[in-house]
Amino acid sequence: MEAEDPHTLCDLCLAQVCRSLDSLCSKQPDGSLCLRWAPVLPQEVADQLLCKMADQGILNDTTVGIFRSCKALRLRRASIRCCPLSADAFRLALCPHRLQELDASWVSWGLTGASIISGLVFNTDCRSSLQKLSLNGLHLDWESLGDDGGVHVGFSSLRGLRTLSLAYTDLTDDVLEDICSLPQLESLDISCTAVSKLTALLECRNTLKSLIAHRLQELDMPPAMLLFVLSQLHTLRHLDFSDDHFAVDDSDGNDGDEMVRQLLEGSPKVLPALVSLDVSGRKRITEAAVRSFVEARSELIFLGLVATGVSACDILSSRNNLKVTGEANESQVCEALRRYSERECFIREALTHLHDLTTDRDQPRPELLSLVLSGMKSQLTSLNVQLLATACVFNLTTEDLAETMPVSLLSSTITQLLCTMKMFPNHYLLSIEGIEQLGKDITIMKQLLGFVQQRAMDGVVDSPLKFALRALWNLTESLTAAHHFIQCQGLELYEEVLESYHGESSIQLTVLGLLNNIAEVEELQGGLMEEDLLEHILSLLQDSQVQLEVRYVAGGILAQLTSRPETWSLEDELRTTIVKQLTSQPLGVQLWAVWAIHLACRENIAHYKSMLQMEGIVDLLEALAAHPDTHSDVKGLTESILRMVDQHHMETFNSQQRPSSA
């Protein structure tokens, strides 16, 4: 297996700063943080610190306050992508800097395009210094913009702007006119906006080099007029006029489809500087038109043809310098995964074909796994993408394929799978049952345990750690996975985790839950015969300060191990001590047994109800609940179980009655 590349010293230092912000800072009157002491950092390092804080999810109204110190932390290329920031926090912390680039895409907490523009314009330096601005996914709220001393405030106020991205915003035709008056505008992304006319683009015909106009649903221009406007963009080198083939029907996008057909079949004198064209998702494209277009443009370096049905055209493979996105071969599919990170429709299409291409693979392909992982990360909320990507992961990590994969890649993949399962907890294919395919591979078990070990070494208590522990708990219900767990020194690691996370009940519960899976299998019980481990579990059982549910599971493990004298290999004195504790009140064997039934029913009453009835356990529980000497804790749990059984019985009866009464 390949060794993991070491982190750079700069990256390690920035990560440490992020972890230590509370101790390095004091609070200002408004609650924001301020560095107690800050050297004048190299400008690039300040940019990297901001980006690191954003990536780690700790950049917010409080922490962004450290950047109010413009002398120590000088920002030029700022990324606050997907961070929760208010307009006031943005204005105070970022607007005073002489920014050259700003990515504020998908920012939450009410930060609008209008508040960003007005804040930037307030800094006279930014009016000329800002060259690149990304506001994808924001509400522009353009009507709220006023005048600055009688001067109009808008995108056109940022005279140095060269690259502007406004995809997935409420951009209108009027705002587009303001944008196109920028004197140096070279690149513009207006994908998935409500723009209906593109005639404003004529104002920047001599500067615009890149136009991305994916899925303009509201576009209302005849094909001939649309082609005329585009043909006037004399310096245009990249045109993206693709469409979402999943979201449109046969009547949508006809004008756009016709314009694309005319462009492909027309003269190369139209858009003569064009070297990159994306028409993915467009209908009416023929192989003959593609062949004619490619033959007439020797400088062409990219052609997007996903979901057009013509990516297998023979001329495409004859041009070595031409990159193509499509479905005809692995190269086209991989190119699609690389280029379309923010377009769910094309990522879905590419993953579908990659799954077919990777079925029955017998050679490790870490570069493909890396592309799949990128697709998962870029489309976290898309169930379709996560399903397809998970299937591809299984194809690429079966049998011994994972052995030669880089450790860091496998670790990142497992982490992402766990995050995906958390995002869609009720979906079967993304649940623990789905990841069991990975649990059959001992290499994957090593990676899961390695992930837990790394988190434990750092003393971290977070959702990925908790979810990894729960995944391991569920995986070890399989005998094969349980054997792998022991073989990979999982028991030794879990003993350390129990000691490290004393007082963290959520961690203790999942660790003990897995150990209970081991204790239930007679052939595996020998692995638990470690005196220090059992004494630690016994201490949890005895400690009245420990959460009751944790004590129950601890009691369950010890009850399993002491119930079979023939498998006990430690000192008899320890076994006697455990048995006495188990049979003492209030945590007796009876209480533990009732709690175990309660836990099982709470997890899946539909599965266990018939078993309880057929084996007479319901009758026993009713008798136990009615007996005057039953301990109050036992009685409460027993009555709760009986209520669950009755409620499920009524729900089943009602659901069976509905069809007949309809």
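Strands, as the word is used in these legends, are DSSP runs of E with at least two residues, numbered from the N terminus. Serine 165 belongs to one of them, strand 8, which covers residues 163–165. The model shown in every view is a predicted one.

**View 1. The whole protein, for orientation.**
The protein contains 27 helices and 14 strands, and its C-alpha trace spans about 90 × 60 × 60 Å along the principal axes. Of the 662 residues, 50% are buried, while the protein exposes about 30800 Å², with carbon and sulfur atoms supplying 50% of that area. When contacts between residues at least 6 apart in sequence are considered, 66% of them join residues at least 24 apart. The side chains include 52 positive and 89 negative ones, and the centres of these two sets lie 9 Å apart.

Serine 165 counts as buried because its relative accessibility is 11%, and buried means under 20%. Its side chain is joined to that of asparagine 136 by a polar contact of 2.7 Å. With neighbours within four places in sequence left aside, serine 165 is in contact with Leu133, Ser134, Leu135, Asn136 and Asp189.

**View 2. Aspartate 103 in strand 4.**
Aspartate 103 is placed in strand 4, residues 101–103, and with a relative accessible area of 19% it is buried. A polar contact of 2.9 Å links the side chain of aspartate 103 to the side chain of serine 105. Beyond the residues up to four places away in sequence, aspartate 103 touches Ala78, Ser79, Ile80, Arg81 and Ser134.

**View 3. Leucine 133 and the nonpolar cores.**
The largest nonpolar core holds 103 residues, of which Ile80, Leu133 and Leu198 touch the most other members. Helix 3, residues 43–55, gives the most to this core, contributing six residues. Another core, of 74 residues, lies apart from it and has Leu418, Leu448, Ile537 and Val594 among its members. Leucine 133 touches Leu102, Ile117, Leu120, Phe155, Leu158, Leu161, Thr163, Leu164 and Ser165, when residues up to four places away in sequence are not counted.

Helix 5 consists of residues 113–122, and because eight of its ten residues are buried, it is largely enclosed by the rest of the structure. The buried residues are Gly113, Ala114, Ser115, Ile116, Ile117, Gly119, Leu120 and Val121. Ile117 and Leu120 are also among the residues that leucine 133 touches.

**View 4. Helix 8 and the elements packed against it.**
In helix 8, residues 223–231, the buried residues are Pro223, Leu226, Leu227, Val229, Leu230 and Ser231. The buried residues of this helix pack against strand 10 (210–212), strand 11 (238–240) and helix 9 (254–265). An α-helix has 3.6 residues a turn, so residues three or four places apart point the same way.

**View 5. Glutamate 531 in helix 22.**
Glutamate 531 lies in helix 22, residues 531–542, and it counts as partly exposed because its relative accessibility is 40%. Apart from neighbours within four places in sequence, glutamate 531 is in contact with Leu570 and Leu574. The C-alpha atom of glutamate 531 is separated by 74 Å from that of glycine 256, and the two residues are 275 residues apart along the chain.

**View 6. Two loop residues with positive phi.**
Arginine 284 is in the loop between strand 12 (276–278) and helix 10 (287–296), and its phi is near 70°, a positive value in a residue other than glycine. With a relative accessible area of 43%, arginine 284 is partly exposed. Alanine 307 is found in the loop between strand 13 (302–304) and strand 14 (323–325), and its phi, near 60°, is likewise a positive value in a residue other than glycine. Alanine 307 counts as partly exposed because its relative accessibility is 22%, and the partly exposed class runs between the limits of under 20% for buried and over 50% for exposed.

Definitions and conventions:
Residues numbered from 1 in each chain as written. Predicted model: local features only at pLDDT ≥ 70, side-chain atom pairs only at ≥ 80, totals over all residues. Heavy atoms only, no water. Helix = DSSP H or I, 4+ residues; strand = E, 2+ residues; numbered from the N terminus. Buried < 20%, exposed > 50% of the residue type's maximum accessible area, 1.4 Å probe, protein only. Contact = heavy atoms within 4.5 Å. Areas by Shrake-Rupley, 256 points an atom, 1.4 Å probe, with all protein chains shown as cover. Lys, Arg positive; Asp, Glu negative; His and termini not counted. Charge placed at Lys NZ, Arg CZ, Asp CG, Glu CD. Polar contact = N/O pair within 3.5 Å; in protein donor to acceptor, adjacent residues only side chain to side chain. Core = buried A, V, L, I, M, F, W, Y, C linked by side-chain atoms within 4.5 Å.
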